[in-house]
Amino acid sequence: MNIIMLGANSDIAKELTARFMVDGEAVHAWRRGERLPQIPWKHVICTIGVLDPIGKFFDLDAKAWEENLDSNALLPLRLLRELWPLRQRGASVCFFSGAGVSRPAPTYSGYAASKTMLLKMTELLDDEYPEDKFFILGPGMVRTKIQQQTLDAGERADNYGRVKEFMESGDPIHGAGTSHDRIYACLKWCLKSPKEIIGGRNFYAPGLDWGPLMEHKLRMNRDLFKTRRFGGGL
């Protein structure tokens with residue numbers, strides 16, 4: 001089973017690749033500037049993510065902000081478009097989510113907007129291609145090098161103090177952060193589970209208790225973990 005890992009320089013991608021290889025899976029890494037692997041594939045996992053530029057929207061350089069959207073959302077979709085003809089039957093695609101898709105994320109508008117776009121594209125693509133499975137995975141707070149972008153932004157970042165505390169000693173909400181073992185276990189569950197349970201959904205690894213009860217809830221509610229407005233405001 002061939003797995004293509006997009007964004008292989010990210011810390012999460014490196015950790016996932018190591019675990020897949022221990023389990024005997026063939027992982028083909030892609031990094032910026034390289035040619036995409038031209039092989040039949042079963043799973044594509046996209047860990048591409050950039051926080052910069054960080055700051056209030058009208059204080060940011062417009063071109064830099066648009067490049068953020070390109071890096072986080074349009075680039076993964078372009079890469080997937082090129083890879084799509086090589087997929088095997090019943091393929092799975094996993095994008096990685098991030099802060100801002102379900103709560104405020106001031107000073108991270110580019111990152112939050114692009115990840116929200118990926119969330120909606122996950123839902124759309126999963127509906128458009130019934131033979132294949134698309135889902136998006138939120139890893140939560142993880143001690144990786146992407147956090148350095150917030151530290152470099154300093155007071156321009158709304159959550160600079162919280163990220164600084166998290167990286168130095170952990171914080172009361174996230175502790176030491178989500179472990180790579182938990183992210184991997186959640187990803188593996190998503191990959192092995194059927195489309196009717198996983199397809200089109202946004203999973204949050206730290207807060208998800210996967211198993212028979214969760215599978216039952218997902219089967220019963222097709223809108224769970226998707227972008228929806230309920231009740232007409234009533």
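**Aromatic contacts in a predicted model**

User: Is F225 buried or exposed, or in between?
Analyst: F225 is partly exposed, because its relative accessibility is 31%. Buried means under 20% relative accessible area, exposed means over 50%, and partly exposed lies in between (1.4 Å probe, protein chains only).

User: What are these values based on?
Analyst: This is a predicted model, in which local features need pLDDT of at least 70 and side-chain atom pairs count only at pLDDT 80 or more, while totals for chains, interfaces and linings use all residues. Residues are numbered from 1 along each chain as its sequence is written, and side-chain values use heavy atoms, with hydrogens and water left out.

User: How many aromatic pairs are found in the whole structure?
Analyst: The search finds 9. Rings of Phe, Tyr and Trp (its six-membered ring) pair if their centres lie within 6.5 Å; planes under 30 degrees apart are stacked, over 60 edge-to-face, and the rest tilted. One of the pairs is F20 with Y184, edge-to-face at 5.0 Å centre to centre and 80 degrees between the planes.

User: Where do F20 and Y184 lie?
Analyst: F20 is in helix α1 (residues 11–22) and Y184 in helix α6 (residues 180–192), so the pair ties together parts 164 residues apart in sequence. Helices (H or I, at least four residues) and strands (E, at least two) are DSSP runs, numbered from the N terminus. F20 and Y184 are both buried.

User: Back to F225: why is its pair with F203 edge-to-face?
Analyst: The ring centres of F203 and F225 are 5.7 Å apart and the planes lie at 70 degrees, so the pair is edge-to-face. F203 belongs to strand β6 (residues 202–204) and F225 to the segment after α8 (212–220), 22 residues apart.
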